[in-house]
Amino acid sequence: MTKTSNLAPYSERVIPGLSFFFATLFVPTALYLIVLAFDDFWALFTFVTAEVAIVCLGLFAAPTLRLSKESLSIGKVEIPSQFVKSVMVIEASAQQSEKGPKLHPAAYVRFQVGVKGLLKVELNDPTDPTPYWLVSSRNPELVAKKFADLTS
């Protein structure tokens, strides 16, 4: 493996976890039971249509995490790498605290249902009041390592 392969940009689609797909069954099931009083065909049609719509919306709304030498972006939000102070992995035991009592009101957050990895991206932009980003990632260790490789 050469040094240039470590400097390749990183991109990850942060799709929802399995728990999201189980949770999506509740609304279509309720709709099914409501429409079942009128017609069983339309009840099944409503269930399938609602489930497909909810799953598609969840997948299309999933952000893409991109890291390159020039910038870091999550979804439509992007910041030049020069303003990124550090990228830290938040351990599982500290995630609840970071998402709750320790969360700064001006922080940018982008969580994804069912994704256990969490990154804290500290910023040093004097014109931006946002102190850090707290974002979900399926491979937080890899993102932090890639950032360290790109900035060194």
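This is a predicted model: local features need pLDDT of at least 70, side-chain atom pairs count only at pLDDT 80 or more; totals for chains, interfaces and linings use all residues.
Entry 1: I then asked with which residue Lys-120 forms a salt bridge. The partner is Glu-98, and the closest N and O atoms are 3.4 Å apart. This pair links distant parts of the chain, since Lys-120 belongs to strand β7 (residues 118-123) and Glu-98 to helix α5 (residues 92-99), 22 residues apart. I also checked Glu-98, which is buried at a relative accessible area of 9%.

**Entry 2: Asp-149 and Lys-145.** I asked how many salt bridges the count comes to. The count is 2, and I turned to the one that Asp-149 forms with Lys-145. Here the closest N and O atoms are 3.1 Å apart. Both residues lie in helix α6 (residues 140-151); because they are 4 residues apart, about one helical turn separates them. I recorded Asp-149 as buried, with a relative accessible area of 17%, whereas Lys-145 is partly exposed at 46%.

**Entry 3: A nonpolar patch.** I next asked which residues form a nonpolar patch on the surface. They are Leu-18, Phe-22 and Leu-25, which together have about 320 Å² of accessible area. I located Leu-25 in the loop between α2 (18-23) and α3 (26-36). Its relative accessibility is 36%, so I noted Leu-25 as partly exposed.

Conventions: Residues are numbered from 1 along each chain as its sequence is written. Side-chain values use heavy atoms; hydrogens and water are left out. Patches are made of residues with over 30% relative accessible area and no salt bridge: like charges are joined within 9 Å, nonpolar side chains (Val, Leu, Ile, Met, Phe, Trp, Tyr) within 5 Å. Accessible areas come from the Shrake-Rupley method with a 1.4 Å probe; for residues, only the protein chains shown count as cover. A salt bridge is a side-chain nitrogen of Lys or Arg within 4 Å of a carboxyl oxygen of Asp or Glu. Helices (H or I, at least four residues) and strands (E, at least two) are DSSP runs, numbered from the N terminus. Buried means under 20% relative accessible area, exposed over 50%, partly exposed in between (1.4 Å probe, protein chains only).
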